[in-house]
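Biologist: I am new to this structure and would like to learn how its features are read, one at a time. Could you take me through them slowly?

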Amino acid sequence: MGTVIVLLGPPGSGKGTQAKRLVEELGIPHVSSGDLFRHHLSEGTELGKRAKSYMEKGELVPDDVTVDMVIDRISRPDCEEGVILDGFPRTLTQAEALDEELEERGQSITIAPLIQVSDDEVMRRLTARRVCEDCGAVYNLIFNPPEEEGVCDVCGGDLYQREDDNPETVRHRLYTYYKETSPLIGYYFARDLLVRIDGEQTVEEVHQDLQEAIKAAKEQG
Ligand code: AP5
């Protein structure tokens, strides 16, 4: 049975940053529902067109569309040994659909780490985030700026600001998180899968805490 990690946490808590680091160590893919939607958007697919208005407002894309897209992705052969889920599930309906899918395959969730950060920190981080349009590397103008302004250190690509990273939309994303996603904290707590991680430490410290929690969960497993 593989390792299935469900990264929980508000927007900007560092789920994507941490998932990218875990990929190298665990040898399993990182599946981000937000990245999948942004890919559809940039390709101009029907799904992308449908998701666009929700994403721009900081609201959730409807469950049926989201569940189909993510289940399709995790059904590919590269996820047979496990997966790091980032941004999915985000509602109880999505969490139940994931459980059903995993059960059918004889898999189950290993751990659901909740990366905790304050609302002020979310606002500060997201309005200063920049992303490489070529390789997807993530920077922060305050905490982790690129060496040359607007240019990716990794591949030299142009950096851009996500459309939903403006203060008004970030506030609405946080509202959506509290309203629709926070019930998942209880859902995973009841299944003894929830581990709280202090997300206001350095990237390295958060990574170490995550590593330890995952190791312990696998040993218990
Ligand atoms: P999505 O792309 O999933 O956005 P999100 O959950 O709001 O998460 P973010 O990507 O903003 O943050 P993150 O936690 O990954 O933080 P990051 O590592 O980048 O979703 C976007 C939209 O798509 C949604 O609003 C919705 O419309 C739709 N959607 C997606 N999934 C859906 C679903 N399941 N159902 C329905 N709709 C869905 O870090 C943030 C910044 O902080 C970066 O600049 C980084 O460099 C910096 N940083 C990270 N860690 C640290 C640290 N320890 N110290 C200092 N800075 C740090």
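Modeller: The axes of H6 and helix H7 (residues 167-181) come within 10 Å and cross at roughly 135°, which makes H6 oblique to H7. Axes here are lines fitted to C-alpha atoms, for helices over the stretch in contact, with angles running from 0 to 180 degrees between N-to-C directions; angles under 35 degrees count as roughly parallel, over 145 as roughly antiparallel, 65 to 115 as roughly perpendicular and the rest as oblique. Helices (H or I, at least four residues) and strands (E, at least two) are DSSP runs, numbered from the N terminus.

Biologist: Before we go on, what kind of model is this?

Modeller: This is a predicted model, in which local features need pLDDT of at least 70 and side-chain atom pairs count only at pLDDT 80 or more, while totals for chains, interfaces and linings use all residues. Residues are numbered from 1 along each chain as its sequence is written, and side-chain values use heavy atoms, with hydrogens and water left out.

Biologist: How is the crossing of H4 and H5 to be read, as roughly parallel or roughly antiparallel?

Modeller: The axes of helix H4 (residues 63-74) and helix H5 (residues 92-104) come within 10 Å and cross at roughly 30°, and therefore H4 and H5 are roughly parallel to each other. By contrast, the axes of H2 and helix H3 (residues 46-57) come within 8 Å and cross at roughly 120°, which makes H2 oblique to H3.

Biologist: Which residues come nearest to the ligand?

Modeller: A residue is near a molecule if one of its heavy atoms lies within 4 Å of it. Of the 35 residues around the ligand, Thr 17, Glu 59, Arg 90, Arg 129 and Arg 173 come nearest. H2 gives the most to this shell, with 4 residues.

Biologist: What should I look for in the backbone?

Modeller: Most residues other than glycine have a negative phi, and most peptide bonds are trans. Here a cis peptide bond joins Phe 88 and Pro 89, with omega about 0°, and Pro 89 is found in the loop between strand S3 (82-86) and H5. Asp 192, in the loop between helix H8 (183-190) and strand S8 (194-198), has a positive phi near 60°.
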